[in-house]
Amino acid sequence: MEKRNTALIGLDLSQMDQVILENTYKVIQLLNLEKIYFMHIAEDLVLPEDIASTYPNLLAPIDESIEKEILNKVTSLNLPEDVEIEVTVEEGHAMEKLLRWSKIKNIDYIIMGRKKELKGSGALPKRIAQKAPNSVLFLTEDMKDIEFKKFIVPIDFSKHTEVVLEKVENFIKSNNNAAIQYLHVYEVPIGYHKTGKSYEEFAEIMLKNAQKEFNAMVDKHKIEKHPCDFILKGNQSSANHILEAAERHDADMVVIGSRGRSDSAAILLGSVTEKLVHINYKIPMLVIKKKGENMSFIEALLNI
């Protein structure tokens, strides 16, 4: 039986919350959740003294008032009864609080909104994607009424791709209608001309090698052979190619690993994933991490 998971959903009391809440039921099904922590973090929960003295009963205490408001909204969603819900309001630095809770509560997924037009800079999700010790799901402010059935999955045949494949296979098992589109961006190495071959000739060599690696990956992991797009990188970044492919295939979600072949020793995100997190405000995205990744860094940062 597939392991059931826990998630921490960050809410900021903006319009983005409504988008997140409206899609919570679908997220529960997608990620097989058994418990959700809904969390709002405020820098300061203390009312200004002049307002507090004039209106002594106003939002007192503030954290309980906010908790009640969030709980009422969550209750109205009629989520599955077997999913445990906890609402909490914290005061302090948002990133540190989220990372600490991820550690203490053994969270599998952090779920956050990506904002471009709605009020708020949306800077926190980018930092969380870099430093969280668990996978991170981004829901976008203008996402349509989607069912999370069409997935774009960038792969590079590294060991980190294996973590992504395991997750994708679980999506397929739990959803027979899931459509998986793999994507591999390949490039011609610098110095190709020293081989005596043209750019086009070496590009063909790299393509055939990528196709060979893809078939080997399918055989090794005994996974269903879903289609794979092979795209020559050229002068455009891999992240841009991925986003364009996701739009071209009308994908419901991008599922990508946190690291890649070229930076497996990195502390934070791989360069392609980090770039994609930075530019993608359009399509929901799941950044898959091996649980506990960055944990020593987090423990040092938070002195846990």
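**A walk around the sheet and its helices**

Helices here are DSSP runs of H or I with at least four residues, strands are runs of E with at least two, and both are numbered from the N terminus.

A word on the source: this is a predicted model, in which local features need pLDDT of at least 70 and side-chain atom pairs count only at pLDDT 80 or more, while totals for chains, interfaces and linings use all residues. Residues are numbered from 1 along each chain as its sequence is written, and side-chain values use heavy atoms, with hydrogens and water left out.

Back to our pair. Helix α9 spans residues 238-248 and helix α10 residues 271-279, and their axes come within 8 Å and cross at roughly 55°. Axes are lines fitted to C-alpha atoms, for helices over the stretch in contact, with angles from 0 to 180 degrees between N-to-C directions. The two helices are therefore oblique to each other, a word for whatever is left once under 35 degrees is roughly parallel, over 145 roughly antiparallel and 65 to 115 roughly perpendicular. Ser238, Ala239, Asn240, Ile242 and Leu243 of α9 meet Val272, Lys275, Leu276 and Ile279 of α10, where contact means heavy atoms within 4.5 Å.

Another helix pair is α7 with α8 (residues 199-221), packed at about 55° with axes 12 Å apart. Their crossing is right-handed too. On the α7 side, Thr161, Glu162 and Leu165 make the contact, and on the α8 side Met217, Lys220 and His221.

Now for the sheet. In what order do its ten strands run? It is an open sheet with the order β3-β2-β1-β4-β5-β10-β9-β6-β7-β8 and mixed pairing, where two strands pair if DSSP finds at least two bridges between them. At the edges, β3 (84-91) and β8 (228-232) each pair on one side only. From one strand to the next, the twist averages 20°.

Let's stop at β4. Parallel neighbours are β1, joined to β4 over three bridges, and β5, joined to β4 by six. Tyrosine 109 in β4 faces alanine 7, and its bridge partner in β5 is serine 135. Is β4 enclosed or open? Six of its six residues are buried, so β4 is largely enclosed by the rest of the structure; buried is under 20% relative accessible area, exposed over 50%, and partly exposed in between, with a 1.4 Å probe and protein chains only. Tyr109, Ile111 and Gly113 cover one side, and Ile110, Met112 and Arg114 the other.

Finally, the cores. Nonpolar side chains tend to be buried together in soluble globular proteins. A nonpolar core here is a set of buried Ala, Val, Leu, Ile, Met, Phe, Trp, Tyr and Cys residues joined through side-chain atoms within 4.5 Å. The largest has 51 residues, and Leu31, Phe151, Tyr182 and Val255 touch the most other members. Helix α7 (residues 159-174) gives the largest share of this core, five residues. Beyond its neighbours within four places in sequence, leucine 31 contacts Asn5, Tyr109, Ile111, Leu137, Phe171 and Leu286. Apart from that core lies another, of 33 residues, including Ile41, Leu243, Val277 and Ile283.

Note on methods:
Left-handed = near helix turned anticlockwise from the far one by under 90°.
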